[in-house]
Amino acid sequence: MYLSTKGILAFVNELYSSKPTGKECDGMIYKVISKAEFKRFIDTLVLNNPSFGPRQVDSDIRGDAVYHFLPVTSFDDIAFDYTATASSAKHFFLPFREELSRFAFHGQDWNQHINYDTNPIVLIGLRPCDISALNILDDVLLNGHFPSPYYLGKRKNTFVIGMDHLPRPDCFCKSMNHHSVQTGFNLFCSDIGEEYYLSINSSKAFNFLKEFNTRDPHDEDNCRLVERRKLISNSFLSEVDVTALPSILDIEFDSPVWEKWGNKCLSCGTCAMVCPTCYCYSVEESFAIDLNGATRQKRLYSCNLVDFAVVAGGHNFRPKNGDRLKYRYYHQHRGFAENANQQICVGCNRCGRACLAGINPKDVINDLRMEKESCLTNVSLSPGRT
Amino acid sequence: MPDKRFVIPRQDINREAFAASIPDFNRRSEIMKTDMGYKCSITNIVRLTEQEKLFQLHILESREREIFRFRPGQFLMLELPGYGEVPISISSSCSNHEFLELCIRKAGHVTSALFNVEKGAYVAVRGPFGSSFPMDEMSGNNILLIAGGLGMAPLRSPLSWINEHRERFENVDVLYGVKEPSQLLFTYQFDEWEMINHIRLHTIVEHGTAEWNSRTGMITDLFNDITINPATTYAIVCGPPVMFKVVCSYLDKLGIPMNRMFVSLERRMHCGMGKCCRCMVGSTFTCVDGPVFDYWSVMNLKEAI
């Protein structure tokens, strides 16, 4: 028995968007492209635009490949079957160092110059959780009281091609409801065997694809898409119970759990650097070496660094490791007023994999929920290195 | 040679109309050059104490001077090119549209550099940012202003509002505590406040000197000097974090409702716009939702004071 195309798509959308996003996705067009034609499409795109895709850079101590988003020049450069990059794609939008403005001195006077220029780039192979992270950053940086033009320029000039994947064993995107994505990309590709099922979300992507052989999806394609999504959804091994987590965080503010995990924390800030949604920064200014100018730079910061909450006069509002770790979990899992108190963690577990002290969000949250076995097994006295 | 059909068109937000329009910091949700400061010249510098100076700024462009309107309690970001930006609360009266007065303590990298500049130097301000004291809501009541140390700087702006609309308020008491008599700020205005504006000023120092012939002790000792009617009193408290706890819990015990006590918090802000998250208290930003909070919010925010 076959359902109609529309019926199946409605079913799929209902199944995978249980949380209303408030954003329109009616403009989406669905096409199917063969893998050979897809290669031709990517090759053309990569040839004509500066493009970035996942490439293997190294392998870690257990022999797992380490991937990064790096410049690519052809389809063969891109590791489409990658798991997840070590560092997230946010750095194309929020670079580690970004010049905010520039001062030119002449005599006693000076002039300020601001430049929002960016060149268009193509980002290939973002995972649904990465795209969800970008949507969250959009909420935070563009919908607030003072939208960020720096971010807007980069976001508007980036062509995002998403791609679904089977999760790593430690991903918990499903618990955070970010294992599928409905918006925030130009083109999204789902692997359905011999072909890719394309969700086209922008006129740019549609115009490019007009030059290539695509066809409208049949009922079998839709069924294969549903099966693919079901497979992904059922492959999640890790689960974190985030029900009512914001209120639990409020209640457990003085919990000894924070001290316990805080004592393990090395305050290195790695988690914030690899996190796809951490956006806190510091601003610093420096003189040019000829003293004729100065630049104001924004530098991504981490709330786990010791001087994050220091005020003039030297008072530190969060002097202990545990305080700062707690603050990060507050931001990640309770959300702040700026983004309507929604959780900003997408569940990619990059922080857990990168942490030198072996602190894992799953363990911390389970611990906070006072789940007994987690308390007993997961906290060792010495930092476990991976 | 790139194929034009497959080149992604560039969207330059510099050229878009919204980026070119004049910055208006109090309007919300529009993209503007919020990083562009208003250029000011320093028209006067007054040394108040060994550690604090009062800087008088004049915004050069008349159009920008028109835009820059603030309410008592708001702050601005003061830019000293090459050194950095610091959040400074505005100490002058909000009806003074020509000059801004900033009371600055030599505390860090930027403020130390600022102490070396001379009259006529050019700096920039961005702002005003943040929330303000609800002066209209307070009208018709007794006002209790409690300042500790540098806390007098942000309180001078509401105090001048009160002075300008003195007939709207009943009794106004100012409790002002510092460590040593030499640290008292705005001493040249004390007589004016007391004689002309009929404000009852109570000062106290922790360590008195030989010349000091007024009270010695902690700021809470001043509560014995005054009578507070909790039903008709609004309190504004500003000072070091340790003072908030003591004073606010005392006022709470007296029976002043929590929503009638206002505190002005201090954090090291880097952007002033709720983006850098450096000034986060609990789940609110000091720069956007603060720096003026009522005591009820502060009580509920973790790590606020």
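Author: Axes are lines fitted to C-alpha atoms, and angles run from 0 to 180 degrees between N-to-C directions. The model discussed here is predicted.

Reader: At what angle does helix α2 of chain A run to β1(A)?

Author: Helix α2 of chain A comprises residues 35-48. The helix lies across β1, β2, β3, β6 and β9 (195-200) of chain A. Taken against β1(A), its direction is at about 105 degrees.

Reader: In what order do the seven strands of the open sheet in chain A stand?

Author: The pairing within this open sheet is mixed. Neighbouring strands are turned by 30 degrees against each other on average, with direction ignored. The order in chain A is β1-β9-β8-β7-β6-β2-β3.

Reader: Which residue of β6(A) is the bridge partner of Ser51(A)?

Author: Strand β2 of chain A covers residues 51-59, and strand β6 of chain A covers residues 121-126. The two strands run parallel and are joined by two bridges. The partner of Ser51(A) in β6(A) is Val122(A).

Reader: Which strands of chain A does helix α6 of chain A lie across?

Author: Helix α6 of chain A spans residues 219-234. Its direction is at about 90 degrees to β8(A), which comprises residues 187-192. The strands of chain A that this helix lies across are β1, β8 and β9.

Reader: Is helix α8 of chain A roughly parallel or roughly perpendicular to α10 of chain A?

Author: The axes of α8 (residues 256-264) and α10 (residues 321-333) of chain A come within 7 Å and cross at roughly 105 degrees. Angles of 65 to 115 degrees count as roughly perpendicular. Therefore α8(A) stands to α10(A) as roughly perpendicular.

Reader: How do the residues of the contact of α8(A) with α10(A) divide by class?

Author: On the side of α8(A), the contact is made by Trp258(A), Glu259(A), Trp261(A), Gly262(A) and Asn263(A). From α10(A) come Asn321(A), Gly322(A), Leu325(A) and Lys326(A). By class, the residues of this contact are three nonpolar, four polar and two charged.

Reader: How many residues of helix α4 of chain A are buried?

Author: Helix α4 of chain A covers residues 149-156 and is mostly covered. Among its buried residues are Tyr150(A), Tyr151(A), Lys154(A) and Arg155(A). Of the eight residues in the helix, the number buried is seven.

Reader: Which residues of chain B is Met152(B) in contact with, leaving aside its neighbours within four places in sequence?

Author: Met152(B) lies in helix α5 (residues 152-164) of chain B, and it counts as buried because 25 C-beta neighbours lie inside 10 Å. Although 33 residues separate Met152(B) and Leu185(B) in sequence, their C-alpha atoms are 7.1 Å apart. The contacts of Met152(B) are Ala147(B), Tyr176(B), Leu185(B) and Phe186(B).

Reader: Which residue of β5(B) is the bridge partner of Phe55(B)?

Author: Strand β2 (residues 52-59) of chain B forms a hairpin with β1(B), with four residues between them. β2(B) also pairs with strand β5 (residues 99-105) of chain B in the antiparallel sense, over seven bridges. Across that pairing, the partner of Phe55(B) is Leu102(B).

Reader: How many nonpolar, polar and charged residues does the side of chain B that touches chain A have?

Author: In this pair of chains, 50 residues of chain B are in contact with 56 residues of chain A. The elements of chain B that give two or more residues to this side are β4 (84-89), β6 (122-129) and β14 (284-285). By class, the side of chain B has 22 nonpolar, twelve polar and 16 charged residues.

Terms used: Residues numbered from 1 in each chain as written. Chains lettered and ligands numbered in written order. Predicted model: local features only at pLDDT ≥ 70, side-chain atom pairs only at ≥ 80, totals over all residues. Parallel < 35°, antiparallel > 145°, perpendicular 65-115°, else oblique. Contact = placed C-beta atoms within 7 Å. Nonpolar A, V, L, I, M, F, W, Y, C, P; charged D, E, K, R; others polar. Pairing = 2+ DSSP bridges. Buried ≥ 20, exposed ≤ 12 C-beta atoms within 10 Å, placed from the backbone.
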